[in-house]
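Here are some friendly notes to read alongside the model. Take them one at a time, and keep the 3D view open as you go.

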Amino acid sequence: MKLKDQLQEFTSLKRGLLATNFYNLETLHGVLQAASDQNEPIILQLTQSSIDYMGLKTAVNLGRSGLEQFGVEGWIHLDHGGSVELAQRCLDAGFDSVMIDGSELSFEENIKITSEVVKRAKNYGAHVEAELGFVAKLGQSHGQQGFTQPEEAREFVEATGVDALAVAIGTAHGFYKEEPKLDINLLSKIAENTPATLVLHGSSGVPHEQVQNAISNGICKINLATEIKNIFMKTLKSQLSNNEEIDLRKVFPVATSAITGLVKEKLRMVRND
Ligand code: 13P
Ligand code: ZN
Ligand code: NA
């Protein structure tokens, strides 16, 4: 199925589609095992730094062949693309979807860069996500001032023709010092104002009931990254602390399974039933 069709179907069912970042073979397989066990579709996301780490071709091939190996329906997506050039490289490499993140640009510049990526993606039949408003990046402070405005969202989607829109409604990337409070009222207004698929970034650390409330009120794509890295590294550390094993193929699977457990819970969460 095309990603756009899957997102539209899930939006109308008021259920979410999980989008998980992967960093290497182990994190990828952890996620795919969960999707396979639950028989759920999934979006596999790569950031620029993961692409730099693995190499573009290796990363996309790894994702694609993993989906086939585990018998999972899924799509490869560029997460937080910072330039038209990177989006173009990913389109050429066969990504199903690209995000162009102009959230730190002016409204006009964000429209301009997003429109350019939408135009290029059309030639590939690829899906495009943009961000309007500002979801704090790792280590940045976050406040109410960056929240997405419904009227701007309408204007932005009309002007760009973008398929999906990441909205700022109270989440931030990484863990939280205090429990976040999502502005569901604002989200409903945004959803009323635009036909674009709405995306929740920063879902790590958000209580599951709040994510589900957001899904019930218009969010469809749910991005998850930090909790995946965290559980992998925590499990690996405890594995290694009292263990002389040097065969990494015996050490990594425990951490990979921990990801599978986590992602299974998140898949139950986004099903929202
Ligand atoms: P978290 O790291 O908070 O899960 O956010 C992930 C994300 O938004 C990826 O784009
Ligand atoms: Zn994000
Ligand atoms: Na988060």
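The points below go from the whole fold to the helix pairs and then to the ligand.

1. Before you start: this is a predicted model, in which local features need pLDDT of at least 70, side-chain atom pairs count only at pLDDT 80 or more, and totals for chains, interfaces and linings use all residues. Residues are numbered from 1 along each chain as its sequence is written, while chains are lettered from A and ligands numbered from 1 in the order in which they are written.

2. A compact globule of 273 residues would have a radius of gyration near 19 Å, and the protein's 18 Å agrees with that (taken over C-alpha atoms; the rule is 2.2 Å times the number of residues to the power 0.38). Along the principal axes, the C-alpha atoms fill a box of roughly 60 × 40 × 35 Å.

3. Helices H2 and H11: the axes of H2 (residues 25-38) and H11 (residues 248-271) come within 7 Å and cross at roughly 45 degrees (axes are lines fitted to C-alpha atoms, for helices over the stretch in contact, and angles run from 0 to 180 degrees between N-to-C directions). That makes H2 oblique to H11 (under 35 degrees counts as roughly parallel, over 145 as roughly antiparallel, 65 to 115 as roughly perpendicular and the rest as oblique). By class, their contact has eight nonpolar, seven polar and three charged residues (Ala, Val, Leu, Ile, Met, Phe, Trp, Tyr, Cys and Pro count as nonpolar, Asp, Glu, Lys and Arg as charged, and the others, Gly among them, as polar).

4. Helices H7 and H8: H7 and H8 (residues 184-193) pack at an angle of about 30 degrees, with their axes 8 Å apart. That makes H7 roughly parallel to H8. On the H7 side the contact includes Pro 150 and Arg 154, and on the H8 side it includes Lys 189 (C-beta atoms, placed from the backbone, within 7 Å).

5. Ligand 1: which residues are closest to it? Among the 14 that surround ligand 1, they are His 201, Ser 204, Asn 223, Ala 225 and Thr 226 (C-beta atom, placed from the backbone, within 6 Å). Strand E3 (74-81), strand E8 (219-224) and helix H10 (226-241) each supply at least two residues of this shell. The shell divides into two nonpolar, ten polar and two charged residues.

Conventions: Helices (H or I, at least four residues) and strands (E, at least two) are DSSP runs, numbered from the N terminus. Two residues are in contact if their C-beta atoms, placed from the backbone, lie within 7 Å.
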